[in-house]
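Look over the sequence and the model first.

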Amino acid sequence: MEKEILMPESSGYLDRIDAIENLSGQIENPNVKNAVLKCFKDSSYLVRCEAYDAFYGTAFQDVFDALVKRVKAENSKCAKMHALSALCGMAKQILPSDNQMQTVQKSCENEKNAGVRVAYFCFLYAVKKDEKYVDLVLKELNHRDYHVRCCVVNLLADVLDYSNKEKIMGAYKARLQVEDALAVKTLLEREIVRLSKGRVENEF
């Protein structure tokens with residue numbers, strides 16, 4: 001099973017991404033889990049993103065520990081954002097130790113990349129349930145880069161619950177009035193419809 005995941009570098013990063021994606025549904029299998037975990041140090045940041053994403057919503061303590069280390073070690077802003085997002089999804093079942101929180105905070109507190117900041121604030125909210133972090137994320141809805149605005153909508157879905165549903169939906173409706181990027185509009189409209197129907201991903 002591991003040979004299907006841990007192909008030689010010469011096989012091409014797209015092949016490795018496809019392999020992880022195809023096996024992500026079997027992540028509870030120890031062989032698959034360990035193989036994907038080894039991809040955390042792949043030379044391609046896109047492969048690392050796929051590997052981090054594969055563990056979203058799982059409850060493996062060793063993977064959680066490894067993701068914290070990857071947040072500190074990552075040299076790709078995109079991959080760092082994905083590692084934080086995976087931690088956010090795992091924080092529903094695993095809480096970081098004090099040392100792990102310090103590691104993440106030191107790695108992100110002075111972060112200039114907006115996408116990483118959004119993922120970091122979402123992680124802090126998932127752990128601490130302090131609404132100030134949701135407010136910090138919502139501020140990025142006005143970021144000049146539409147990719148960041150898309151990131152806000154996608155990542156907030158990770159931490160949305162009944163305590164902040166109305167606030168987030170209100171912010172989405174306000175942004176929709178002035179949004180000119182089709183990708184962001186589509187995401188906002190989808191989330192507004194979902195929220196108006198009372199569908200919330202996370203009920204803590």
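How many nonpolar, polar and charged residues does the lining of the largest pocket have? By class, there are 9 nonpolar, 6 polar and 4 charged residues. The model is predicted, so local features need pLDDT of at least 70 and side-chain atom pairs count only at pLDDT 80 or more, while totals for chains, interfaces and linings use all residues. Residues are numbered from 1 along each chain as its sequence is written, and side-chain values use heavy atoms, leaving out hydrogens and water.

**Largest pocket**
- The largest pocket has a volume of about 380 Å³.
- Its lining comprises 19 residues, and Cys78, Met81, His82, Cys151 and Leu155 lie nearest the centre of the pocket.
- At least two lining residues come from each of α4, α6 (77–90), α8 (114–128) and α10 (146–156).
- Helix α6 gives the most, with 6 residues.
- Helices here are DSSP runs (H or I, at least four residues), numbered from the N terminus.

**Nonpolar patch**
- Tyr13, Leu14, Tyr45 and Leu46 make a nonpolar surface patch of about 360 Å².
- The elements giving two or more residues to this patch are α2 (13–23) and α4 (45–54).
- Patch residues have over 30% relative accessible area and no salt bridge, and nonpolar side chains are joined within 5 Å.
- A salt bridge is a Lys or Arg side-chain nitrogen within 4 Å of an Asp or Glu carboxyl oxygen.

**Single residues**
- Tyr45, in helix α4, counts as partly exposed because its relative accessibility is 37%, and partly exposed lies between buried (under 20%) and exposed (over 50%), with a 1.4 Å probe and protein chains only.
- Leu136 is in helix α9 (residues 131–139) and is partly exposed at 28% relative accessible area.
- Leu136 and Val118 are 18 residues apart in sequence and 7.9 Å apart in space, C-alpha to C-alpha.

Key. Patches are made of residues with over 30% relative accessible area and no salt bridge: like charges are joined within 9 Å, nonpolar side chains (Val, Leu, Ile, Met, Phe, Trp, Tyr) within 5 Å. Accessible areas come from the Shrake-Rupley method with a 1.4 Å probe; for residues, only the protein chains shown count as cover. On a 1 Å grid over the protein atoms alone, a cavity is a set of points where a 1.4 Å probe fits but cannot get out, and a pocket is an open set with protein on both sides within 12 Å along at least five of seven lines; lining residues have an atom within 4 Å of a point. Grid points are joined across faces, edges and corners, and a volume is the space filled by probe spheres set on the points. Ala, Val, Leu, Ile, Met, Phe, Trp, Tyr, Cys and Pro count as nonpolar, Asp, Glu, Lys and Arg as charged, and the others, Gly among them, as polar.
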